[in-house]
Amino acid sequence: YRAGETEDYFMVRAVEAADGITDSLLAMNFHIIEAPAPAFFITSDHPVILNMDAVPDPINTCLPAGSVLMPLSPNRGLLLSHHLISNQVVPLSEHQVQTTNEMIVRHALDAVFADRESQEVQVSLNNTPAVERVPLRA
C-alpha cells in the first residue's frame with residue numbers, strides 16, 4: 001500500500017480475511033441456545049464471542065472449542081460449533097448462561113446491555129477485572 005491509502009489497505013485486508021473464513025463458518029453447525037427462566041443473556045458493543053481454546057472446559061463454559069456465540073435476544077443465542085449438538089433448541093443451565101454472560105462482559109469494549117436489572121449480571125460486572133486498553137490513536 002502507499003502512504004495515504006491506509007484506510008483502503010486495511011479495508012482490502014478485512015475483506016480478504018472475511019472471504020477466507022466464510023467457508024469455515026458455513027461448514028459449522030448452527031444451533032439456537034436457550035436460557036432457562038429466570039436466567040437471560042446480556043449483550044455488549046462487542047457481541048460475538050470466539051472460543052479459540054484447544055480444549056473446552058465443560059464445567060465453566062457452554063462453548064465448545066473453536067466455537068462462535070452471539071446473543072440474539074435475552075432468551076436465545078446463536079452458537080456455531082464444529083460438532084452437532086442437537087437438531088433442536090439447545091437448553092443451557094443457569095450456570096452456563098451466567099458463564100456466557102461473564103464472557104460477554106469480558107469481551108465488551110465500552111458498554112454492556114441487558115433488558116432488565118439482575119443481581120447476577122451486576123456480580124458479573126463487578127467481578128470482571130478492568131483491562132487497560134491501548135488507544136487506537138495517540
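The model is predicted. Its mean pLDDT is 78, and 77% of the residues reach 70 or more. Confidence is highest in strand β1 (residues 29-34), at a mean of 93. It is lowest in helix α3 (residues 119-127), at 72. Over residues 54-60 the pLDDT is below 50. That stretch still has eight contacts in the model beyond near neighbours in sequence. Residues 132-138 also stay under 50. For them the model has two contacts beyond four places in sequence.

Start with helix α1, residues 6-26. At 1.5 Å a residue, its 21 residues should span 30 Å.

Next comes strand β1. It pairs with strand β5 (residues 76-81) in the antiparallel sense, over six bridges. Here Asn 29 has Ser 81 in β5 as its bridge partner. β1 also pairs with strand β6 (residues 90-91), this time in the parallel sense, over two bridges. Ile 33 stands opposite Val 90 in β6.

Ile 33 leads on to the largest nonpolar core, which has 16 residues. Ile 33, Phe 41, Ile 42, Ile 49, Leu 69, Leu 92 and Val 97 touch the most other members. Helix α2 (residues 94-107) gives the largest share of this core, four residues. In soluble globular proteins, nonpolar side chains tend to be buried together.

Look last at Ile 42. Beyond four places in sequence, its contacts include Pro 71, Asn 101, Ile 104, Phe 113 and Val 121.

Notes
Residues are numbered from 1 along each chain as its sequence is written. This is a predicted model: local features need pLDDT of at least 70, side-chain atom pairs count only at pLDDT 80 or more; totals for chains, interfaces and linings use all residues. Side-chain values use heavy atoms; hydrogens and water are left out. The expected span of a helix is 1.5 Å times one less than its number of residues. pLDDT is the predictor's confidence in each residue, from 0 to 100. Contact means heavy atoms within 4.5 Å. A nonpolar core is a set of buried Ala, Val, Leu, Ile, Met, Phe, Trp, Tyr and Cys residues joined through side-chain atoms within 4.5 Å. Buried means under 20% relative accessible area, exposed over 50%, partly exposed in between (1.4 Å probe, protein chains only). Two strands pair if DSSP finds at least two bridges between them.
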